[in-house]
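Subject: Structure handover

Hello,

Here is the structure I promised to pass on. Please open it first, then read the notes below.

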Amino acid sequence: MNDDQLLRYSRHILLDDIGIEGQQRLLDAHALVVGAGGLGSPAALYLASAGIGRITLVDNDTVDLTNLQRQIMHTTERVGMPKAESGKTALAQINPGVQVNALQERLDGERLAELVAGADVVLDCSDNFATRHAVNAACVRHGVPLVSGAAIRFDGQLSVFDSRRADAPCYACLFPPDQAFEEVLCSTMGVFAPLVGIIGTMQAAEALKLVAGIGQSVAGRLLLLDVRNMEWTDIRVARNASCSVCGGHGH
């Protein structure tokens, strides 16, 4: 680390759990952030400010005026710009030392597998089940930990799916791909602005913990937030041995 980095990350380095070694692990890491909207905005901003060395930011959408109520990575001046490019601009302003790869595309197939395989941690900040299942399957296949968040109306959820752990479930253990779940969208249902900030920031915290080797991740737990009453529900979730995605995978 150079003098500028030692100063920039000094408040991390002061923490015994991080120190010089942990901060170096962050600087050496590559995070893949799928989605640059409500969840991806705070998640990516905190990953960049904390010093994750490489961030790949993927989103196939453009910035819309309706996004600005909650998607804090974007600005009024950047309405109409691809979200990935707008996000890259925001991250460069907060930390020019971070290498940001902005991709305006929807990930699937081998392209998704290639990006996941090259990442140390993946943050699913998308808003649809098809993407979530595709990202989860790629993470299981390549043994990369996945930090998953979701938010709608006044309800949020967070979990970590870490297929490196024999006892940890994957996303498909909780939400089987062959079961029908109602797809709910912010555009029709609405979402409380700070809720995505809370969940996205927690995704960043879990990703940073995984990379730096701090504490315990929330793998094996599903955290549900009712922000109206600011009540958390913590549900223990186990691996499904007959899961179509991770059943028998590597164990």
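A word on labels first: helices and strands here are DSSP runs, numbered from the N terminus, where a helix is H or I with at least four residues and a strand is E with at least two. The model is predicted.

**Two positive phi values**

Start with the loops. By that numbering, Arg153 sits in the loop between β5 (146-152) and β6. Its phi is near 50 degrees, a positive value in a residue other than glycine. Most residues other than glycine have a negative phi.

Look for Met230 in the loop between β7 (221-226) and β8 (231-236).

**The cavity**

How many cavities of 30 Å³ or more are there? The count comes to one. The largest cavity holds about 30 Å³ of space.

Its lining is made of Ser148, Gln157, Leu158, Ser159, Phe161, Tyr171, Phe175 and Leu222. Strand β6 (residues 155-161) gives the largest share of that lining, with four residues. By class, five lining residues are nonpolar and three are polar. None is charged.

**Ala31**

Ala31 belongs to strand β1 (residues 30-34). Is Ala31 buried or exposed? Ala31 is buried, because its relative accessible area is 0%, and buried means under 20%.

What does Ala31 touch, leaving aside neighbours within four places in sequence? The contacts are Leu47, Ile52, Arg54, Ile55, Thr56, Val121 and Leu123. Check Asp120 as well: Ala31 and Asp120 are 89 residues apart in sequence, yet their C-alpha atoms are 6.0 Å apart in space.

**Helices α4 and α5**

Two packed helices are described by the angle between their axes and the distance between the axes. For helix α4 (residues 40-50) and helix α5 (residues 83-94), the axes come within 9 Å. They cross at roughly 35 degrees. The crossing of α4 past α5 is right-handed.

Which residues meet there? From α4 come Ala44, Leu45, Ala48 and Ser49. From α5 come Ala90, Leu91 and Ile94. This contact has six nonpolar residues, one polar residue and no charged ones.

**Thr131**

Thr131 is in helix α7 (residues 129-142). Thr131 is buried, because its relative accessible area is 8%, which falls under the 20% limit. Not counting residues up to four places away in sequence, Thr131 touches Val34, Arg106 and Ser126.

**Gly213**

Gly213 lies in the loop between α10 (193-212) and β7. Is Gly213 buried or exposed? Gly213 is exposed, because its relative accessible area is 61%, and exposed means over 50%. How far is Gly213 from Ser49, C-alpha to C-alpha? The two C-alpha atoms are separated by 18 Å, while the residues are 164 apart along the chain.

Best wishes

How values were computed. Residues are numbered from 1 along each chain as its sequence is written. This is a predicted model: local features need pLDDT of at least 70, side-chain atom pairs count only at pLDDT 80 or more; totals for chains, interfaces and linings use all residues. Side-chain values use heavy atoms; hydrogens and water are left out. On a 1 Å grid over the protein atoms alone, a cavity is a set of points where a 1.4 Å probe fits but cannot get out, and a pocket is an open set with protein on both sides within 12 Å along at least five of seven lines; lining residues have an atom within 4 Å of a point. Grid points are joined across faces, edges and corners, and a volume is the space filled by probe spheres set on the points. Ala, Val, Leu, Ile, Met, Phe, Trp, Tyr, Cys and Pro count as nonpolar, Asp, Glu, Lys and Arg as charged, and the others, Gly among them, as polar. Buried means under 20% relative accessible area, exposed over 50%, partly exposed in between (1.4 Å probe, protein chains only). Contact means heavy atoms within 4.5 Å. Axes are lines fitted to C-alpha atoms, for helices over the stretch in contact, and angles run from 0 to 180 degrees between N-to-C directions. A crossing is left-handed if the near helix is turned anticlockwise from the far one by less than a right angle, and right-handed if clockwise.
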